Each structure stands twice: as structure tokens, then as C-alpha cells.
Amino acid sequence: MAEAPRAALALIDCNNFYVSCERVFDPRLRGVPVGVLSNNDGCFIARSEELKALGVRMGTPAFQIRDLIRRHRVRVLSSNYALYGSMSARVNAVLVGFAPAEAYSIDETFLDLAGIAGRDLRPLCQDLRATVLRWTGIPTCVGVGPSKTLAKLANAAAKADPALGGVCDLTEPQARAAVLAAFPVAEVWGVGPATAAKLAALGITTAAGLRDLDPKQARALGTVALERLVWELRGLACLDLELVAPPRKGLAVTRSFGRPVTTLAEALEAVAAHATRAAEKLRAHGLVAGRLSAFAHTAPHHPGPQHHAARATALVPMTADTRDLVAAAGRCLAAAWRDGFAYAKAGVVLEDLCPPEAAPRTLFDAPRPGSERLMAAVDRLNARFGRGTVFPAAAGTERAWAQRAAHRSPRYTTRLDELPVARA
DNA sequence: TCTGGGGTCCTAGGACCC
DNA sequence: TCTGGGGTCCTAGGACCC
């Protein structure tokens, strides 16, 4: 009987992805501590190795380490998602040339190496890293294992130990034992703080400990997800590679305000702008929505009275028309609004998404005539002349509530007027 | 003064039905 | 002197991920 092909999944993870993207286009950022901030210039969401070495943790609020930033001349950047999204597409374009691929997140891709398994995979993985680096400028690490969870774990091991040269292969059970015994269970993919605490109470602190937990006990302790994790750590793949992206279920546009908002009029403007952006995203996916909710809430970190204003409504008929979504969002927020609070954040969430041809027909609520053609024209104008060229009046022009983004780099790869310039 | 945004999956519990 | 059992659907909230 022929032996079944050995399962081998590779996870390619870009190193310090956002920082690496910035460094591709600005060499002055190389070799110095660099951090990229979240929206609103709030906290650090990407750090160069030099910044990690200074002890700056993921998610640290920028204002808390102002001193350290000045002392060590940390280069601080606002996030530039147009650049990162486009660089991510470049990396994936390289990877799909190697093997069937699942783009898991903006900086991680799984590859199915089963067809190539049975020989040493390390030279292939090194070739893959070198090709991505040469063609995109982005450094990566590669982890290989018989399941997604073990591939993730192998990747973390490759990142942690420079001696491995950026590649760690855990397909062989002998290779796994030592790595799992040294790997903190709290860092296993799928184990968050709540589960880690429950496991610690049982004396389980390493990935090896979780692997050896009775699957039934794992299910009782957590959920079916924790039981699956035990099997995955034992080398049994429970999570399939998703070569075709599953249909999207929901979509949200939420933003903190640049400063506290106290009036309904201002919050309505913000929510109209968010609904406008949500409608654009919805149409870009070729979908319509059946349900919308809008919210505004106060800042949970701040003292003072807290309030979370939120309402949802059905969209009948289902729609992707900016005018419908802006109107629905405004009605929801106005209905939920209470005066007397300092609101910090607002958003619009769309759910029950489906392609228009799958949307139920309604007898009495006909869709707006000409909606599709009008929206297509608006999208074309905004694509050609820049986002925000055409927008509903309700979204306002003052935008005093808008976010800070004081340090954004140019959109090198997606805007002609922001192309990098080389002087020779 | 200053603490992100956008997703998915799972479960419990209520409403409702036969 | 005593109130079934089982099924589906929906929603809210928790947990986790990047």
C-alpha cells in the first residue's frame, strides 16, 4: 500500500511587517528603533527589533513612553494601510508561485507543501525567503509542521532563535518534543489570557503540557476549539487550508474621535462618514447588507460617566447604496443618543451580507431606481480623484472630530503623486 | 492632554413551534 | 397533589486572532 503523502504546512510570516514596509522605501529607518502607531496615533502596533530591545511592548500607548522616544530618538510613524495592503499583495503574489496558498492575514500566508514533502524542506523554505526578500524587500520567517497550529509554533520558534536562520521544520515528531516542552502555553495560537489562566490552574504551562491533556478534559475546560488545539499539537490537522476565501459575514468601520464629542450633530457627521466608507467597502466586495448598527461610546479608560449608545436596524430591501446606509446609521444613532457624555468613538457595523442576486425580493420596498449606476459613478470618481472626492453632505466638511495621523508616510505604491523619488 | 480597528467562532439562553 | 420533550432559530456576549 502506498504511503499517504505526509502533511506539511508552511507558515510564512513577515518580520515586523509594517516597519519592514516603511524601511523598503525609506532607508534612513534601517538600523534605528522604529515604531508604527495604531489609528489616531494611539499605541504601538509594530516595532523594529531595535525598539523591542528597548523594552517597548506591543500595544504600548505612545504617550506613556514619550521620554524613551526622545532619549533614544525612536522614529515614530502613523500607520499607512494603503502601503501595507499593497505590499502584502506583492508578497502573496510571490508565494502563490511556490505552492497552493491561503493568505491568512496581512502579514501571514500558509502554503501547502504536502506535494513536496518527504525530503528536507529547509532548502525550499530558504529559497522562498530569499525570493520574497529580493522581489519585495520584505524579510520573513518560515515555520513548517503537520498542522496549522504546529506551523505557527514552528514560525515563532524560528523568529525566537536566530541560529535557525529563519526556518524551523517541525514535521518530524522527534524534532517537536524539545520545542514544545520549552514553548509557553500562553503563546500557543488560540490560547488567550482566559484559557491560559485555566490551564495554569491545572499546572499546564507549556505547549507540551497542553498536547498531553486529555482531549475530553480540554473540551470541558474550554470549548471544542481547545480540544481541536490538543489534536493539532499532536500533529493531527483539524484546521483545513482555505485556498478559497470564505464569503465575508460582516463589515465594520469604527474610529476613535480626535477629541471628545459631546453633541449629537457632530456624532451624526462622524457616523455618516463611517457609513459612507462602509458602503464603499461593501460595494468593493460586490455585496449588499441586510442589517446595520451604529454606536457611539465614551472612553472606558477615563474617569467619569460612561455610556454606550447603540441601535441596530434591518435594511429592507438589502442595499449597498450610500444614501440608505447613511440614513439608517443616522436614525440608529439619534435613537440611541443621550446628551451629557463625552463620547470617544463611533462606528457603523454591517451584517447579513450577500451578493445582490441572492438577496430576497421584497414586494413593497422596491430598491431605489438607478442606485447601482449612481453608486458605480461615485466609486469611479473617488477611485480616479482620490477617496472623499464625492461624499454625502451629511458626512460634513469641517470634521473637527476626525483622527490624528501626524506622522503618516507617503502612499508610495498606490498614489502617483506620492511615488518615491530617487536622486542620482 | 494622549490607550486601535476589524474580523471569526463558539456557547448559552430565550422565543417559538409541534 | 399535579405541568413533556425535542427541535430550530436568533441574539448577545465571551474569547481569540492579527
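I began with the class count: the surface near DNA strand B has eight nonpolar, nine polar and seven charged residues. I count Ala, Val, Leu, Ile, Met, Phe, Trp, Tyr, Cys and Pro as nonpolar, Asp, Glu, Lys and Arg as charged, and the others, Gly among them, as polar. "Near" needs a heavy atom of the residue within 4 Å of the strand.

The model is predicted: local features need pLDDT of at least 70, side-chain atom pairs count only at pLDDT 80 or more, and totals for chains, interfaces and linings use all residues. Residues are numbered from 1 along each chain as its sequence is written, chains are lettered from A and ligands numbered from 1 in the order in which they are written, and side-chain values use heavy atoms, with hydrogens and water left out.

**Entry: DNA strand B**

I listed the neighbours of DNA strand B and found 24 residues around it. The closest are Arg248, Ala252, Thr254, Arg255 and Ser256.

Helix H11 (224-233) and strand E9 (250-261) each give at least two residues. E9 gives the most, with seven residues. Helices (H or I, at least four residues) and strands (E, at least two) are DSSP runs, numbered from the N terminus.

Then I looked up polar contacts. A polar contact is a pair of N or O atoms within 3.5 Å; within protein, one must be able to donate a hydrogen and the other to accept it, and residues adjacent in sequence count only if both atoms are side-chain atoms. The side chain of Ser38 has an N or O atom 2.8 Å from a sugar or linking oxygen of DNA strand B. Lys249 places a polar side-chain atom 2.8 Å from a phosphate oxygen of DNA strand B. Ser256 uses a polar backbone atom, 2.6 Å from a phosphate oxygen of DNA strand B.

**Entry: DNA strand C**

I repeated the search for DNA strand C. It has 13 residues around it, and Ser105, Lys152, Gly190, Gly192 and Thr195 come nearest.

Ser105 has a polar side-chain atom 2.7 Å from a sugar or linking oxygen of DNA strand C. Gly190 has a backbone N or O atom 2.4 Å from a phosphate oxygen of DNA strand C. For Gly192 I noted a backbone N or O atom 3.0 Å from a phosphate oxygen of DNA strand C. Strand E5 (101-105) and helix H8 (193-201) are the elements that give two or more residues to this surface. H8 gives the most, with three residues. By class, the surface near DNA strand C has six nonpolar, four polar and three charged residues.

**Entry: the cores**

I turned to the interior. In soluble globular proteins, nonpolar side chains tend to be buried together. A nonpolar core is a set of buried Ala, Val, Leu, Ile, Met, Phe, Trp, Tyr and Cys residues joined through side-chain atoms within 4.5 Å. Buried means under 20% relative accessible area, exposed over 50%, partly exposed in between (1.4 Å probe, protein chains only).

The largest core has 41 residues. Leu282, Leu292, Leu325, Val348 and Leu350 have the most contacts inside it. Elements giving two or more residues include helix H12 (264-284), strand E10 (288-298) and strand E12 (343-354). H12 supplies the largest share, nine residues. A second, separate core of 33 residues includes Ala8, Val34, Val36 and Leu128.

**Entry: strand E10**

Is E10 enclosed or open? Ten of its eleven residues are buried, so E10 is largely enclosed by the rest of the structure. Strands pair if DSSP finds at least two bridges between them. E10 and E12 run antiparallel, joined by ten bridges. His297 has Lys345 in E12 as its bridge partner. E10 and E11 also run antiparallel, with eight bridges. Phe295 stands opposite Ala310 in E11.

The peptide bond from Val316 to Pro317 is cis, with omega near -5°.

Asn16 is not a glycine, yet its phi is positive, near 40°. Asn16 sits in the loop between strand E1 (9-14) and helix H1 (17-25). At 14% relative accessibility, Asn16 counts as buried.

Asp352 lies in E12. Its phi is also positive, about 55°. Asp352 is partly exposed, with a relative accessible area of 48%.
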